[in-house]
Amino acid sequence: MKRLKLGVLGSGRGSNFVALAAAVAEGKVAAEFVVVGSDQADAKILEEAKNREIPTLVCPNGKYRTKLEEEIEEGLAEQMVKSGVELLILAGYMRVVKRPLLSRFGGAMINIHPSLLPAFPGLRAWEQAWKAGVKETGCTVHWVNEVVDGGSVIRQIRVPVEVGDSAETLHGRIQKAEHCLLPEVVRDLAEGRIPWLKDPRKK
Ligand code: GRF
């Protein structure tokens, strides 16, 4: 089977990238990483990519905290296209995605989020769930559109909130679930077992 070309964007630790990279290395996911990018030059995800000899790129921070300036995102999107990315994965990417990325990768861009969307979109979703006193939360992989954490849900894993949980212990269990969910979704997208909104391999 032809391997799906993956691009990853992340701003932080990269534990989801690491879990996915392990699944790819073990031959469980018919994919290859063509680029890992970040808006943070010192993000651990870049180090993890370099350790695996995957090309990396860093885009300038720009003047906003929550989004990239139009020209910067334009440059980032162009580089992703040049790298041959077929599926763009947001794995802890802390910027709101705008037109430059959406126009090229809309329908072929997914995000992993630490709650059962549509519940608790936005930042520190595990803490929002814990504070709300819900009995269960979880994680979601969804298509990315112009609404933050608002694209259609692809798949979720439920995680119970246990008696005595702190926001942090709950977060730890959600992250474990994320590390299963993301590789499974990418595997199924690669194999065509999940329908794409727009599969770039089918011109
Ligand atoms: C994950 O919890 C993901 O759901 C959220 O950001 C976090 C990234 O963690 N979008 P990591 O960088 O993959 O460790």
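User: On a 1 Å grid over the protein atoms alone, a pocket is an open set of points where a 1.4 Å probe fits, with protein on both sides within 12 Å along at least five of seven lines. Where does the ligand sit?

Analyst: This is a predicted model, in which local features need pLDDT of at least 70 and side-chain atom pairs pLDDT 80 or more, while totals for chains, interfaces and linings use all residues. Residues are numbered from 1 along each chain as its sequence is written, and side-chain values use heavy atoms, without hydrogens or water. A molecule sits in a pocket if more than half of its atoms lie within 2 Å of its grid points. By that test, the ligand's place is the largest pocket.

User: Which elements each supply at least two residues of the shell around the ligand?

Analyst: Let's look at the neighbours (a heavy atom within 4 Å). Among those surrounding the ligand are S15, N16, I112, H113, Q175 and E178. Helices (H or I, at least four residues) and strands (E, at least two) are DSSP runs numbered from the N terminus. At least two shell residues come from each of α1 (15–25), β5 (109–113) and α6 (167–190).

User: How far is an oxygen atom of the ligand from an N or O atom in the side chain of S15?

Analyst: Polar contacts are pairs of N or O atoms within 3.5 Å. A polar backbone atom of P114 lies 3.4 Å from a ligand oxygen, and a backbone N or O atom of I112 is 2.8 Å from a ligand nitrogen. For the side chain of S15, the distance to a ligand oxygen is 2.5 Å.

User: In what order do the elements of the protein run from the N terminus on?

Analyst: Nice one to trace along the chain! The protein has 6 helices and 7 strands, and its C-alpha trace spans about 50 × 45 × 30 Å along the principal axes. Starting at the N terminus, the order is β-α-β-α-β-α-β-α-β-α-β-β-α.

User: Which loop holds P118?

Analyst: Follow the backbone to L117, where the peptide bond on to P118 is cis, with omega near 15°. P118 belongs to the loop between β5 and α5 (125–132).

User: What is the phi of E53?

Analyst: Look in the loop between α2 (44–51) and β3 (56–58), where E53 is found. Although E53 is not a glycine, its phi is positive, at about 60°.

Notes. A polar contact is a pair of N or O atoms within 3.5 Å; within protein, one must be able to donate a hydrogen and the other to accept it, and residues adjacent in sequence count only if both atoms are side-chain atoms. On a 1 Å grid over the protein atoms alone, a cavity is a set of points where a 1.4 Å probe fits but cannot get out, and a pocket is an open set with protein on both sides within 12 Å along at least five of seven lines; lining residues have an atom within 4 Å of a point.
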